[in-house]
Amino acid sequence: QVRLVESGGGLVQAGGSLKLSCAASGGTFSYYAMGWFRQAPGKEREFVARITGSGGSTDYTDSVKDRFTISRDNIKNMVYLQMNSLEPEDTAVYYCAADLNTRFYYLNRAKYWGQGTQVTVSS
């Protein structure tokens, strides 16, 4: 079992920035591709960003490509999501996810999930 715990969410004004963190335990961290997903009220969960186990490859959904950056620290067993130029449309619960399949996010699913952290962007 892999445990993922997100932190760093909060309330910010449009145009502001937040950095989310995800702490992983219970597995060999570098084996796992890691991702971020989000779910807004009344909407389905959507993929946001993914990074491979080595950190050598990243992918983003189009709406965040120029604003968000996913990164990881395999010594600290941490994954991050730096979010800049935040928009009210970014308001959602953000979930950290892990999977041994580097393409897990193609199907909008993952083996392991964190509990989520709320991000609210005011206009």
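The torsion about the S-S bond of Cys22 and Cys96 is about -85°, so the disulfide is left-handed.

Residues are numbered from 1 along each chain as its sequence is written, and side-chain values use heavy atoms, with hydrogens and water left out. Because the model is predicted, local features need pLDDT of at least 70 and side-chain atom pairs count only at pLDDT 80 or more, whereas totals for chains, interfaces and linings use all residues.

The secondary structure comes to zero helices and 11 strands, where helices (H or I, at least four residues) and strands (E, at least two) are DSSP runs numbered from the N terminus. For the 123 residues, a compact globule would have a radius of gyration near 14 Å, and the value of 13 Å for the protein agrees with this; the radius is taken over C-alpha atoms, and the globule rule is 2.2 Å times the number of residues to the power 0.38. Along the principal axes, the C-alpha atoms fill a box of roughly 40 × 30 × 25 Å.

Buried residues make up 44% of the 123 residues, with buried meaning under 20% relative accessible area, exposed over 50%, and partly exposed in between (1.4 Å probe, protein chains only).

| Residue | Relative accessible area |
|---|---|
| Cys22 | 0% |
| Cys96 | 0% |
| Thr52 | 12% |

Thr52 lies in the loop between strand S5 (46-51) and strand S6 (58-60). Leaving aside residues up to four places away in sequence, Thr52 touches Tyr32, Ala33, Ser57, Arg72 and Thr102, a contact being heavy atoms within 4.5 Å. Across the protein, residues 24 or more positions apart account for 58% of the contacts with a separation of 6 or more.

The accessible surface comes to about 6,500 Å², of which 45% belongs to carbon and sulfur atoms, as computed by the Shrake-Rupley method with a 1.4 Å probe.

How values were computed: A disulfide is a pair of cysteine sulfur atoms within 2.5 Å.
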